[in-house]
Amino acid sequence: MTSILLTGISELWTLDPELDDPASPGTVTDDQLRHDAALVIDDGIVAWSGPAAETPPTDQRVDLGGRAVLPGWVDSHSHLIFDGDRAAEFEARMAGEAYAAGGIGVTTSATRSATDDRLRALVRGRIAEAVAGGTTTLETKTGYGLTVEHELRAARLASELVREGELDEATFLGAHLVPAEFDGREGRPGAEDYVALVTGEMLFAVAPHVRWIDVFCEEGAFDPEQSERVLRAGAEAGLGLRVHGNQLGRSGGVALAAGLGAASVDHVNHLSAADVEALAATASRPTRPATSSGSPAAAPGSTVISPGRADVSGRLAVDAGPTVATVLPACDLSTRAPLAPARDLLDAGAAVAIASNCNPGTSYTSSMSFCVATAVLQMRLSLAEAIHAATRGGALALRRGDVGHLAVGARADLHVLDAPAAIHLAYRPGMPLTHEVWRAGVPQR
Ligand code: NIG
């Protein structure tokens with residue numbers, strides 16, 4: 001396999017886990033950011049990085065012309081498997097309507113009607129958009145099917161795309177909303193029947209295709225007790241836990257996620273001091289390497305790379321490590337919600353990730369650069385904190401050690417900016433600053 005030397009790197013954000021400062025988690029140390037640097041990729045993996053003046057011999061050389069290089073974004077929360085849009089709902093919201101979970105039903109109807117080929121083409125188009133913006137690791141969820149047949153179809157599609165190397169992680173979100181046919185009226189089944197379906201037949205059908213289970217724990221969706229049943233059933237089926245929590249109010253989702261050892265709780269807009277403390281208290285829970293290839297949907301090459309260095313292994317165990325507080329800045333803006341208190345979470349010592357939450361209802365963008373700029377400009381994160389949250393934070397939320405950084409042994413996922421310094425991401429918000437994207441050592445654009 002050809003080795004490639006990249007030169008002309010004004011800033012190289014390696015975020016090497018071995019150089020973490022335990023006293024300052026969630027940010028980037030001086031040693032994790034190199035200036036005037038070079039990097040070698042060998043067989044899709046980072047093989048070396050160091051000063052530009054000390055480069056080793058390689059087969060090929062590429063001059064990046066004095067640009068900043070980051071790890072590709074790790075987007076740990078998206079809902080890409082859908083048809084139709086909800087522009088009219090968005091417009092009404094901008095005119096004063098509140099967001100309510102019921103809109104999920106509109107997308108569910110449109111998605112159920114889509115042909116397999118159409119759905120696949122739509123998802124692939126959305127992945128391409130995300131990659132064009134610098135995203136190189138992408139999770140996505142089912143959740144707009146809500147029947148055994150349609151959830152299974154979405155899970156199969158996601159797992160195929162994981163196997164083909166287009167997606168990285170697949171999540172079962174049958175507990176997104178109780179569908180209309182379970183409204184309990186006129187002899188029809190009710191919410192409890194739907195929970196029984198999700199935790200029974202639907203879970204058994206979907207679990208072989210995904211690594212994660214998620215639940216929307218919120219008024220209008222699933223209460224904490226129902227959510228707990230969903231999560232426990234998922235854990236029993238061998239899945240890692242994720243939670244949509246505290247988006248619209250103090251739903252109890254955060255306490256549930258922290259208590260059950262979920263890998264991530266996402267949204268976190270409405271937090272009590274106890275919620276922040278509970279998340280911070282999980283930060284010291286150690287991760288450990290997965291004992292096998294992990295997900296049934298594991299991508300080729302994602303097994304342990306370097307057993308001596310746990311943090312550059314592929315998948316980490318889903319049942320160990322912190323509950324990451326995943327903030328979704330684009331969603332907060334698009335729903336005019338109070339911004340998630342990312343500053344307070346970091347100050348308290350919680351692990352924080354930034355994700356796009358790309359979906360047609362609350363956040364119809366996959367632009368992680370936009371989310372990072374918003375986190376800096378509106379959530380009061382430093383640039384280094386925001387970059388860490390959108391790379392290493394997302395990787396931790398997905399229990400992935402091989403992505404989100406550019407240490408030796410990492411997957412060679414690079415986001416080359418059309419700027420000499422990464423601060424341009426927030427300094428020039430909304431500008432097209434992605435110059436090139438490399439995934440596993442292969443240029444994507
Ligand atoms: O993460 N909150 C629940 N699920 C999505 C929204 C889905 C929708 O409204 O279509 C979210 O924001």
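**Figure 1. Pairing of R439 with V442 at strands β14 and β15.** In this predicted model, R439 has V442 of β15 as its bridge partner. The two strands, β14 (residues 434-439) and β15, pair in the antiparallel sense, with 2 bridges between them. Both belong to an open sheet of 7 strands with mixed pairing, in the order β3-β2-β1-β4-β13-β14-β15. The edges of this sheet are β3 and β15 (442-443); each has a single partner strand, so one side of each is left without a neighbour in the sheet.

**Figure 2. The hairpin of strands β2 and β3.** Strand β2 (residues 33-42) runs antiparallel to strand β3 (residues 45-51), and 6 bridges join them. The two strands form a hairpin with 2 residues between them. In the turn, D43 has a positive phi of about 55°. D42 stands opposite I45 of β3.

**Figure 3. The whole protein.** The secondary structure of the protein consists of 13 helices and 15 strands. Its radius of gyration is 21 Å, close to the 22 Å given by the globule rule for 445 residues, so the protein is as compact as a globular protein of that length. Along the principal axes, the C-alpha atoms fill a box of roughly 75 × 40 × 40 Å. Of the 445 residues, 56% are buried. Among contacts with a separation of 6 or more, 75% are between residues 24 or more positions apart.

Figure 4. An unreviewed UniProt entry gives the annotation "binding site" to H77, H79, H244 and N357. These residues are spread over 281 residues of sequence, yet they cluster in space, with a largest C-alpha distance of 12.2 Å. H244 is part of strand β9 (residues 240-245). It counts as buried, with 32 C-beta neighbours inside 10 Å. Leaving out residues up to four places away in sequence, H244 touches D214, V215, F216, C217, E218, G253, D266 and H267. N357 lies in a loop, between β12 (352-354) and α11 (368-377). N357 has 28 C-beta neighbours inside 10 Å and so counts as buried. Residues that N357 touches, beyond those up to four places away in sequence, include H77, S78, L328 and A330. One of these contacts, H77, is itself among the annotated residues.

Figure 5. R86 is in the loop between β5 (73-75) and α1 (87-94). With 20 other C-beta atoms within 10 Å, R86 is buried. Apart from its neighbours within four places in sequence, H176 is in contact with I104, G143, L146 and F216.

**Figure 6. The shell around the ligand.** There are 13 residues around the ligand, and those that come nearest are G103, I104, F216, G361 and T362. Helix α2 (residues 103-113) gives the largest share of the shell, 3 residues. By class, the shell has 9 polar and 4 nonpolar residues, and no charged residues.

**Figure 7. Helix α7 and what covers it.** In helix α7 (residues 253-260), 6 of the 8 residues are buried, so the helix is largely enclosed by the rest of the structure. The buried residues are G253, V254, A255, L256, A257 and A258. One of them, G253, is touched by H244. The elements covering the buried residues include β8 (212-217), α6, β9, β10 (264-267) and α8 (273-282). Just after α7, G261 has a positive phi of about 75°.

**Figure 8. E236 in helix α6.** E236 is found in helix α6 (residues 224-236). With 11 other C-beta atoms within 10 Å, E236 is exposed. From E236 to T291 the C-alpha to C-alpha distance is 17 Å, and the two residues are 55 residues apart in sequence.

Key
Residues are numbered from 1 along each chain as its sequence is written. This is a predicted model: local features need pLDDT of at least 70, side-chain atom pairs count only at pLDDT 80 or more; totals for chains, interfaces and linings use all residues. Helices (H or I, at least four residues) and strands (E, at least two) are DSSP runs, numbered from the N terminus. The radius of gyration is taken over C-alpha atoms; the globule rule is 2.2 Å times the number of residues to the power 0.38. A residue is buried if 20 or more other C-beta atoms lie within 10 Å of its own, exposed if 12 or fewer, and partly exposed in between; C-beta atoms are placed from the backbone. Two residues are in contact if their C-beta atoms, placed from the backbone, lie within 7 Å. UniProt positions are given in the numbering used here, feature names are shortened, and annotations may be inferred rather than shown by experiment. Two strands pair if DSSP finds at least two bridges between them. A residue is near a molecule or strand if its C-beta atom, placed from the backbone, lies within 6 Å of it. Ala, Val, Leu, Ile, Met, Phe, Trp, Tyr, Cys and Pro count as nonpolar, Asp, Glu, Lys and Arg as charged, and the others, Gly among them, as polar.
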